[in-house]
Amino acid sequence: MDRVVKSVDKQAIAGAFGRAASKYDTVAKLQQQTGEYLMALAQVENIGMRVLDAGCGTGFFSARWKQQGKQVIALDLASGMLSHAKGQQVADYYLQGDIEHLGLADNSVDLCFSNLAVQWCNDLPCALREFYRVTRPGGLIVFSTLAQGSLNELEAAWERVDDYRHINQFLSLGTITQACQPYRYKVINREYHQHYSQLLPLLNSLKRIGATHLHHGRQQGLMTRKRLNILAEAYPRNNGNYPLSYQIAFGVIYCDK
Ligand SMILES: C[S@@+](CC[C@H](N)C(=O)[O-])C[C@H]1O[C@@H](n2cnc3c(N)ncnc32)[C@H](O)[C@@H]1O
């Protein structure tokens, strides 16, 4: 059984994402794919004007909602991400804050949109309660999150190199589904695959999107040339390439309150 409640170092997460802000959009291809799918899920419903982009990052999707004429609140934990978003004028309001304690009034938004952010929270049920609280009756919550099985090739390779944990443990699809059960919901699971011809760009892309931050403990050992070679040897290949898989859970919650 998963531990639903984690203990994450939010300052460290905000720092890692803040540092990633300037190059984030050029490498965040997975986020862009999942975000497009999440937008499509929301657009099936007749949503209103006020959109909260919770864990907005650079505001890539805040801008997309704004282009559609919505009034957008861009919220993120990382001041670095938020100032990048502000610089691009992606939203109408900018709020530095924590998804688990939203500084917004009850029933204040029509749509709560959160793409690949809640996996960084301590407690998924708490994050969903906050989303539900701030969304008006009849409104909609859509979120995506990394699920167990993500980055499993990299995890398997590291296991053959040393005994340290290098990859975050993500919640299982069952646990994510369970967190939605207090509400009327649907959960969709999709698999995404990336392929790299070299290992270093794969590792750098994870670093640039902030995905290497560990919830518990520190990353062990410097990445020397020798270690990189050992890891590359241990990495399962596919036609000579280094595959990287992501299991993404998409949740839709209907605010029937
Ligand atoms: C992987 S990025 C996704 C950014 C954006 N949603 C996108 O689709 O490009 C995750 C973002 O969530 C933010 N984040 C992580 N934990 C958060 C929390 N508890 N509250 C608010 N934002 C958080 C990070 O600072 C980061 O900008």
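Predicted model: local features only at pLDDT ≥ 70, side-chain atom pairs only at ≥ 80, totals over all residues.

Reader: How many residues surround the ligand, and which are the closest?

Author: The ligand is surrounded by 21 residues. The closest are Gly-55, Asp-76, Asp-98, Ile-99 and Asn-115.

Reader: Which polar atoms of Gly-55, Asp-76 and Asn-115 lie by the ligand, backbone or side-chain?

Author: A polar contact is read as a pair of N or O atoms within 3.5 Å. For Gly-55, a polar backbone atom is 2.7 Å from a nitrogen atom of the ligand. As for burial, the ligand taken alone exposes 600 Å², of which the protein buries 98%.

Reader: What space does the ligand take, and which elements give two or more residues to the shell?

Author: The ligand takes the space of the largest cavity. Helix H1 (10–27) and strand E2 (71–76) are the elements that give two or more residues to the shell. H1 provides the largest share, three residues.

Reader: How should I read salt bridges, and how many does the structure hold?

Author: Side chains of opposite charge can pair when their charged atoms come close. The structure holds ten salt bridges. In one of them, the side chains of Arg-64 and Glu-36 meet at 2.4 Å, N to O. Arg-64 belongs to helix H3 (residues 60–67) and Glu-36 to helix H2 (residues 29–43), so this pair ties together parts that are 28 residues apart in sequence.

Methods: Residues numbered from 1 in each chain as written. Heavy atoms only, no water. Near = heavy atom within 4 Å. Polar contact = N/O pair within 3.5 Å; in protein donor to acceptor, adjacent residues only side chain to side chain. Areas by Shrake-Rupley, 256 points an atom, 1.4 Å probe, with all protein chains shown as cover. 1 Å grid on protein atoms, 1.4 Å probe; cavity = no way out; pocket = protein on both sides within 12 Å on 5 of 7 lines; lining within 4 Å. Sits in = over half its atoms within 2 Å of the grid points. Helix = DSSP H or I, 4+ residues; strand = E, 2+ residues; numbered from the N terminus. Salt bridge = Lys/Arg side-chain N within 4 Å of Asp/Glu carboxyl O.
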